[in-house]
Amino acid sequence: MLVTFSSKAGADVLMLSQHAKPLLKIIGKLNGPELETRGVWMPEQLGEAIALLEAAIAQEKSANTDEDPDEPIHPLAQPVSLRQRSFTLLDLFRRAQQKKLPVLWEASSAW
């Protein structure tokens, strides 16, 4: 299933539901295993959403400092980090917060 994050502040951000669910859970918009059809962040809620995502990214970064940097890992074998996964969504949140616009998200039908 595809999840679309949209705002008049910037371009739409598209994610597969398996990648969007962890982000929505971090931000507090996912309270169970099922993804709701749609949701919204009002401009006054964006500051908290940005802070929650940045805190989760910092936590993940500090947890990954235990890895051995001497062992090279093939680029295709490296997992996608939370920082990489949420980069465009955070950018959309920041733009929308600056322009005081809401950010909407909608999950497409599973067909």
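**Why these labels?**

Reader: Why is Gly10 called partly exposed?

Author: Gly10 has a relative accessibility of 28%. Buried means under 20% relative accessible area, exposed over 50%, and partly exposed in between (1.4 Å probe, protein chains only), so 28% puts Gly10 in the partly exposed class. The model is predicted: local features need pLDDT of at least 70 and side-chain atom pairs pLDDT 80 or more, while totals for chains, interfaces and linings use all residues. Residues are numbered from 1 along each chain as its sequence is written, and side-chain values use heavy atoms, without hydrogens or water.

Reader: How do you know that the buried residues of helix H1 lie on the same side?

Author: In H1 (residues 17-27), Ser17, Ala20, Leu23, Leu24 and Ile27 are buried. They cover an arc of only 125° around the axis, so they sit on the same side of H1; the arc is taken from the directions from the helix axis to the C-beta atoms. Exposed Gln18 and Lys25 are on the face turned away from the buried side. Just after H1, Gly28 has a positive phi of about 95°.

Reader: Why is the pair Glu106 and Arg38 called a salt bridge?

Author: The closest N and O atoms of Glu106 and Arg38 are 2.9 Å apart. A salt bridge needs a side-chain nitrogen of Lys or Arg within 4 Å of a carboxyl oxygen of Asp or Glu, so this pair qualifies. Glu106 is in strand S4 (residues 103-107) and Arg38 in strand S3 (residues 38-41), so the pair ties together parts 68 residues apart in sequence. Glu106, at 39%, is partly exposed, whereas Arg38, at 53%, is exposed.

Reader: How many salt bridges does a search of the whole structure find?

Author: The search finds three. One of them joins the side chains of Glu54 and Arg94 at 2.4 Å, N to O. Glu54 lies in helix H2 (residues 43-63) and Arg94 in helix H3 (residues 82-99), so parts 40 residues apart in sequence are tied together.

Reader: What separates Arg95 and Asp91?

Author: Arg95 and Asp91 are four residues apart in H3, which means about one helical turn. Their salt bridge has its closest N and O atoms 3.0 Å apart. Arg95, at 41%, is partly exposed, and so is Asp91, at 32%.

How values were computed. Helices (H or I, at least four residues) and strands (E, at least two) are DSSP runs, numbered from the N terminus.
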